[in-house]
Amino acid sequence: MKVLLLAPLERRGLTGGQARAGRILAEGLRACPEIQLAHVVHPHREDRGGWLKAAFLRLVFYFQFLRALIAFRPQIAHVFAPCSLPAILEKTFLSLIAHACGVPTLINLRNDPRVLYASLPRRRKAIMAWCLRRHHAALCQFSMLKQFYEEDIGVPEQRIFVAHN
C-alpha cells in the first residue's frame, strides 16, 4: 500500500507532540514492508524568518504535496492538522485536491478539537464541521472524541477510528 503522510517532522527542542507523533508514525510505516511511504513535511513555525520566508516554505510544501500526488500515486493520504480553524481549512483544501486525484484522506487532529469548536461562532462551527466531514475518515486519540465527531460534526461512526495514545 502506498501512503502519503502530511505531517511535521520532529526537531529536538523546537517541536511538540504533533511532530513527535508524525515522526513515530513515519518510522512505523517505513518499518512495514507492505507499505511505501511518501512523507511531505509540513513547515514548522520555528522556520519562519518573516512573511516572505514563511510564504516560500508554504509554496514548497504545496509543490511537494502535488508532486507526491502525481508521481507517487498514493492509495491513501494521512493528514496531520493542528487544531486551529486556518489549519483545518488548509488541510481540507489539500484533501479536496487529493480527492480529485482519487486519493482518500484520513484526518488526524492531534489535539482535542472540542474546545476550539465550542469557542467558535455558529457560522465558523458549521465551516469546521463541513471541513472535517470532507475527509474519508478521522483518526482520534480517545473514545469521547469519537463521540464528538459523530454527534457534533456528523461523521458516520464507521469512518472514525480510535488509536489511543
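Biologist: Which residue stands opposite Leu5 in strand 3?

Modeller: In strand 3, His78 stands opposite Leu5. Before we continue, please note that this is a predicted model, in which local features need pLDDT of at least 70 and side-chain atom pairs count only at pLDDT 80 or more, while totals for chains, interfaces and linings use all residues. Residues are numbered from 1 along each chain as its sequence is written, and side-chain values use heavy atoms, with hydrogens and water left out.

Biologist: How many bridges join strand 1 to strand 3?

Modeller: Strands are DSSP runs of E with at least two residues, and helices are runs of H or I with at least four, both numbered from the N terminus. Two strands pair if DSSP finds at least two bridges between them. Here strand 1 (residues 2–7) is joined to strand 3 (residues 76–81) by 4 bridges, and the two run parallel. Strand 1 also pairs with strand 2 in the parallel sense, over 6 bridges. Val3 shows both sides: its bridge partner is Ile76 in strand 3 and Leu37 in strand 2.

Biologist: In what order do the strands of the sheet lie?

Modeller: The sheet is open and has 6 strands in the order 2-1-3-4-5-6, with parallel pairing. At its edges are strand 2 (36–41) and strand 6 (160–162), each of which pairs on one side only. Neighbouring strands are turned by 20° against each other on average, direction ignored; such angles run from 0 to 180 degrees between the N-to-C directions of axes, which are lines fitted to C-alpha atoms, for helices over the stretch in contact.

Biologist: Which strands does helix 1 lie across?

Modeller: Contact means heavy atoms within 4.5 Å. Helix 1 (residues 17–31) lies across strand 1, strand 2 and strand 3, running at about 160° to strand 3. Helix 6 (residues 143–153) lies across strand 4 (105–109), strand 5 (137–140) and strand 6, at about 170° to strand 6.

Biologist: Which residues of helix 1 are buried?

Modeller: A residue is buried under 20% relative accessible area, exposed over 50%, and partly exposed in between (1.4 Å probe, protein chains only). In helix 1, the buried residues are Gln18, Ala19, Ala21, Gly22, Ala26 and Leu29. They lie on the same side of helix 1, because they cover an arc of only 160° around the axis, taken from the directions from the helix axis to the C-beta atoms. Their cover includes strand 1, strand 2 and strand 3. The face turned away from this buried side carries the exposed residues Ile24 and Ala31. Strand 1 itself is mostly covered, with 5 of its 6 residues buried.

Biologist: How many residues has the largest nonpolar core?

Modeller: In soluble globular proteins, nonpolar side chains tend to be buried together. A nonpolar core is a set of buried Ala, Val, Leu, Ile, Met, Phe, Trp, Tyr and Cys residues joined through side-chain atoms within 4.5 Å. The largest has 22 residues, and Ile88, Ile107 and Tyr149 are among those with the most contacts inside it. Not counting residues up to four places away in sequence, Ile88 touches Pro82, Leu109, Leu116, Met128, Cys131 and Leu132. Apart from this core lies another, of 13 residues, including Val40, Leu69, Ala98 and Val103.

Biologist: Is Thr92 buried or exposed?

Modeller: Thr92, in helix 3 (residues 85–100), counts as buried because its relative accessibility is 2%. Leaving aside neighbours within four places in sequence, Thr92 is in contact with Trp130, Cys131, Arg134 and His135.
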